[in-house]
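Dear colleague,

I am passing on the structure below, followed by some notes on what was found in it. Please read them with the model open beside you.

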Amino acid sequence: MRGLFTQERVAASAGAFLDGLLGDERRKTGWMRAEAAGDPGPWRQQAILGRGRWDADALRDIVRDYVVETLAADDAVLVIDETGFLKQGKASCGVGRQYTGSAGKITNCQIGVFAAYVSRHGHAFIDRALYLPKAWTSDPARMARSHVPAGTAFATKPALAVQMIERAIMADVPFSWVAADSVYGVGDIEQALRRAGKGYVLGVAANHHFGSWAGKPAVAGTADEIARGLDPSVWRRLSAGEGTKGARLHDWGYCELADLDAAEYDEDRSGLWTRGLLIRRNIADGDLAFFTTWCPAGTGIEALALVEGHRWAIEDSFETTKNELGLDHNETRSWHSWHRHVSLVMLAFAMMAAIRHQANQATPPKRMRTKPRRS
């Protein structure tokens, strides 16, 4: 990241900031990081987030390229999700009373939307965006006080997700799937992925309506109605991947709804793709979750269940970066400080993912030396 900074001292402060994120301190506040770096106060590191002039989006791109260089796989999954940053007061950019799963309720917080790259080699964040509620985007004075770039308009969380997907595609990030929860299972994301030739497993609400056509078995109704009407023989107990306690088993049902030609969405593409409904049922309590799917024709339910299971990786990423790297310890208030702080945490997390990948690679077997025979 040295090329982002015009002055050596600023680059050194950024390096010290990164070291502080990776340090042993439980709280990554300005004072804690400064003490770890041997600075008399937090002002130098705070300047990295506020007064310094450097491009957080350029760092985001560096992190993305670093992650791809280390973890790339053609069958990787791009996982989209959001997390909350609990705040006091009204000055922090984007703050407001809104629901966050981090607290499980409506509370005063910021919301960040993230994209994680998940492959068989590991997982790390490659993109992020601060969600601005309409109460912010409709108040130019408030936007100016927080240094939000001119021309920034209201964008829904799915719209932010579409921008991230498009950036990943433009950067030639190798991935085959996108997975997300029900906030993102809407038309704009589906259409963008179909045009790009990417498969998806996107959560939808129980009342989302589905219907089959084009020669598929008759299915019509809400996701919940369809699930409760499935023949018991349709359900299959499958693993969504390995968790900390072994295979994450659920009962799964899958309905193919239609086979469509990829050329309907991009004339340069060909081949049949299947539109479907995937249903997950909790073994313990029967709780249901529903997913709209798009995949190459012939893709089995096992593959779709594994794609959906990749979503655990972004939950792990949020937990790790908050508990160990200070993702939610940003004490400043501006638009730039949020994106700079989060991008530096993303870099720290990507470094950990790269180290983990290298450490987990199989050690080549030792070859026994044979003594030369004496004649």
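Ser146 sits in the loop that links α6 (140–145) and α7, where helices (H or I, at least four residues) and strands (E, at least two) are DSSP runs numbered from the N terminus. This is a predicted model, in which local features need pLDDT of at least 70 and side-chain atom pairs count only at pLDDT 80 or more, whereas totals for chains, interfaces and linings use all residues. Residues are numbered from 1 along each chain as its sequence is written, and side-chain values use heavy atoms, with hydrogens and water left out.

Ser146 counts as buried because its relative accessibility is 6%, buried meaning under 20% relative accessible area, exposed over 50% and partly exposed in between (1.4 Å probe, protein chains only). Not counting residues up to four places away in sequence, Ser146 touches Ala91, Cys93, Trp136, Arg333, Ser334 and Trp335, a contact being heavy atoms within 4.5 Å.

Cys109, in strand β3 (residues 105–119), is also buried, at 0% relative accessibility. Its C-alpha atom is separated by 6.2 Å from that of Gly84, 25 residues apart along the chain. Neighbours within four places in sequence left aside, the contacts of Cys109 are Phe85, Leu86, Lys87, Gly94, Val95, Gly96, Gln98 and Thr100.

In helix α8 (residues 187–196), the buried residues are Ile189, Glu190, Ala192, Leu193, Arg194 and Ala196. Their cover includes α7 (157–170), β5 (177–180), β6 (199–204), β10 (246–261), β11 (272–281) and β12 (288–296). After α8 comes Gly197, with a positive phi near 70°.

Best regards
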